[in-house]
Amino acid sequence: QVELVESGGGLVQAGGSLRLSCTASGRTFSRYAMGWFRRTPGKEREFVCAINRDAGSTYYADSVKGRFGISRDNAKNTVYLQMNNLKPEDTAVYYCAADVGRVGVRMGDYWGQGTQVTVSS
């Protein structure tokens, strides 16, 4: 069992930056691929990005490539999402996900509670 807690959301103007963090409980963090998803009201949950267990590979949705960066610190049980050049369409609740066997759009053994990101125009 893994508990995930996101933090770092908030309100930012278009063009600004935010960094989200997701900290996992337990001592097996390095066993999990980690990812970020987002959801806006009335829409399906959308894959944002993911990173494999040893941070050797990262994956991004086309909508965030070149603006967002995912990284992880296995010693701190934490995955980060650096969001730059934010746009109003990035407004969503952002969720952290962990998965033992999958990395990418189908991952999601465990989920955090979400953190709101609002980008004003």
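User: Hey, which residue in β8 is the bridge partner of G69?
Analyst: That's Q82. Helices (H or I, at least four residues) and strands (E, at least two) are DSSP runs, numbered from the N terminus.

User: How many bridges join β7 to β8?
Analyst: There are 6, and the two strands run antiparallel. Two strands count as paired if DSSP finds at least two bridges between them.

User: Before we go on, what kind of model is this?
Analyst: A predicted model: local features need pLDDT of at least 70, side-chain atom pairs count only at pLDDT 80 or more, and totals for chains, interfaces and linings use all residues. Residues are numbered from 1 along each chain as its sequence is written, and side-chain values use heavy atoms, with hydrogens and water left out.

User: Ok, back to the sheet. What's the strand order?
Analyst: The order is β1-β3-β8-β7, an open sheet of 4 strands with antiparallel pairing. At the edges are β1 (4-7) and β7 (68-73); each has a single partner strand, so one side of each has no neighbour in the sheet. From one strand to the next, the twist averages 15 degrees. That angle is taken between N-to-C directions, from 0 to 180 degrees, using axes that are lines fitted to C-alpha atoms (for helices, over the stretch in contact).

User: What holds strands together in general?
Analyst: Strands of a sheet pair through backbone hydrogen bonds, either parallel or antiparallel.

User: New topic: how many disulfides are there?
Analyst: The count is 1 disulfide, meaning a pair of cysteine sulfur atoms within 2.5 Å. C22 and C96 form it, with their sulfur atoms 2.1 Å apart. The pair links distant parts of the chain, 74 residues apart: C22 is in strand β3 (residues 18-24) and C96 in strand β9 (residues 92-99).

User: Is that link left-handed or right-handed?
Analyst: Left-handed, with -80 degrees about the S-S bond between C22 and C96.

User: And are C22 and C96 buried or exposed?
Analyst: Both are buried. Buried means under 20% relative accessible area, exposed means over 50%, and partly exposed is in between (1.4 Å probe, protein chains only).

User: Let's do charges. How many salt bridges does the structure hold?
Analyst: It holds 6. A salt bridge here is a side-chain nitrogen of Lys or Arg within 4 Å of a carboxyl oxygen of Asp or Glu. One of them joins D90 and R38, with the closest N and O atoms 2.9 Å apart. This pair also links distant parts of the chain: D90 sits in the loop between β8 (78-83) and β9, and R38 in strand β4, 52 residues apart.

User: So are D90 and R38 buried or exposed?
Analyst: D90 is buried, with a relative accessible area of 1%, and R38 counts as buried at 6%.

User: Which residues are linked with them in a network of salt bridges?
Analyst: E46 and R67 join R38 and D90 in that network.

User: What does R102 meet in a salt bridge?
Analyst: D99, at 2.9 Å, N to O. R102 is partly exposed at 40% relative accessibility, while D99 is buried at 1%.

User: Last one: where is R39, and what does it touch?
Analyst: R39 is in strand β4 (residues 33-39). Not counting residues up to four places away in sequence, R39 touches E44, R45, A92, V93 and Y95, where contact means heavy atoms within 4.5 Å. At 35% relative accessibility, R39 counts as partly exposed.
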